[in-house]
Amino acid sequence: MTSTLTLALRARNTNRIKPRYQICLIHPFDPRGQKVGGLETYIRDFITFHPTDTDILFIGVDSTGDLELGKLHRLTFRGRGFDFLPILHYSDQQAREAARTIRTSLTGQFFMALLRHFGPIARLIRARRCSVDLRRVEFSWLPAILRLPFVQMLHGEGAPKLQMDSLLRKYAFVHNTGERFAVAMSEKFLCVNPFITERLQQTYPRRKDKIDTLWTWVNTDIFKPQLWPLNSSPFQIVFAGRLDEFKDPPLMFRTIHRLRRRLNGDVRFHYIGTSDPHRFEEFAAIEDITVRHGFKDAAGMAETLASAHAGILTSEFEGMPRCVLETLAVGRPVVAMHLPQLERVIRPGVSGYLVARDGSPDDMADALVQRFVDVRTAIESGVMNPVQVADCIRSFTPSTQLARVFRYHQEIQDARGLAAAAPTY
């Protein structure tokens, strides 16, 4: 017979109190908008995959102009609910235009908006007992002032030469000051690849233990291996993302042009993104064989990537490029200029090829062309298999990478007693 004590314990366990976690995201972005990139995908996936015992408060930008600023809105994205506090109207068109001053830049205007709305933001975050998740070191002052713990991530801002379509190369001291402050004040400081991690650990040896690497990931619920296109003629090559200078678009376009000559015109180039390729003179030679897809959501991106045969990357610097992971995830090999981190996912002859950055631009273009010819031959002969290509990124998924971030926030909130109790029903 079950004892009274046993029944009482069962009743208590049935109604036990579980902690509920509160995370505040702060970033100049609107997840409903058309802006694409690694930072944007991070936030969209953060909302999509947040645990059921966690509530998300996102302080960001209204890109459509249909929301009242400074007011909390309950929104749904990909079937997941979150609270959205827009503090700035800033359209996607404005975001695509390069700002000339910090004051007119999205980052600068968002910074000022944080100051204007500081009182309501402070009351809201404190009332919810949030830990904060940041993508930009420039905003690390806010949780520090509020004495709230935060997890900071550094994406690609430490690029050599700072060759970016932004003001960073002109106002590098702003970023460097923010970096120093964020390293000192954050609970965890995460970098997109181990080379940035090593640099920071050497620069800030006393903070070494809190600095770690968080690889990016690909949503394998959306990006899945697909059969090859029915025909290998024309040979379809794809690139997705912004055409920043450090991605070396001239080399990319020169390579497509030379491959076109090598294959007697039997090539098509697909560009997914909103940058204007015409500002690079090399684009004129391939404009007539280029399909510009513009913005694509994740499902549209996966469909377009799967319609191609291979991806291309010519960047001088990257974190772990999400476009490469997404291309590989749908089973398409990538031919890329060598970056050390790509050795983890691009296996020669299996998921593509890496080309050494040696010689003149023409030499590198010729080397890339030869590897694309090798890929086409491997596809036609059945040597390359979409499933084997996709298998190369199996450890770069939200369940292995993004889950770490949620665990950090939970550990921080548990340690500080921030997590609010919520009954289990």
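This is a predicted model: local features need pLDDT of at least 70, side-chain atom pairs count only at pLDDT 80 or more; totals for chains, interfaces and linings use all residues.
Residues are numbered from 1 along each chain as its sequence is written, and side-chain values use heavy atoms, with hydrogens and water left out.

Let's start with the big picture. The chain holds 14 helices and 15 strands; these are DSSP runs numbered from the N terminus, with helices (H or I) of at least four residues and strands (E) of at least two. Of its 425 residues, 54% count as buried, meaning under 20% relative accessible area, while over 50% would be exposed and anything in between partly exposed (1.4 Å probe, protein chains only). Look also at who touches whom, where contact means heavy atoms within 4.5 Å. Among contacts with a separation of 6 or more, 69% are between residues 24 or more positions apart.

Now zoom in on strand E13, residues 334-337. Val 334 and Ala 336 point one way, Val 335 and Met 337 point the other way, and all are buried. In a regular strand the side chains alternate between the two faces of the sheet.

E13 has partners, too (two strands pair if DSSP finds at least two bridges between them). Strand E12, residues 310-313, runs parallel to E13 and is joined to it by three bridges; Ile 312 is the bridge partner of Val 335 there. To get from E12 to E13, the chain goes through helix H11 (residues 322-329), making a right-handed β-α-β crossover. Right-handed here means that, with the strands pointing away from the viewer, the path from the first strand over the helix to the second runs clockwise. E13 is also joined by four bridges to strand E14 (residues 352-355), again running parallel, and in E14 Tyr 353 is the bridge partner of Val 335.

What about H11 itself? Eight of its eight residues are buried, and its cover includes H2, E9, H10, E12, E13 and H13. After H11 comes Gly 331, with a positive phi near 90°.

Finally, how do helices H2 (residues 38-48) and H14 (residues 402-416) pack? Their angle is about 65°, with the axes 11 Å apart. Since 65 to 115 degrees counts as roughly perpendicular (under 35 is roughly parallel, over 145 roughly antiparallel, the rest oblique), H2 and H14 are therefore roughly perpendicular to each other. Tyr 42, Asp 45 and Phe 46 of H2 make the contact with Leu 402, Val 405 and Phe 406 of H14.

Methods. Axes are lines fitted to C-alpha atoms, for helices over the stretch in contact, and angles run from 0 to 180 degrees between N-to-C directions.
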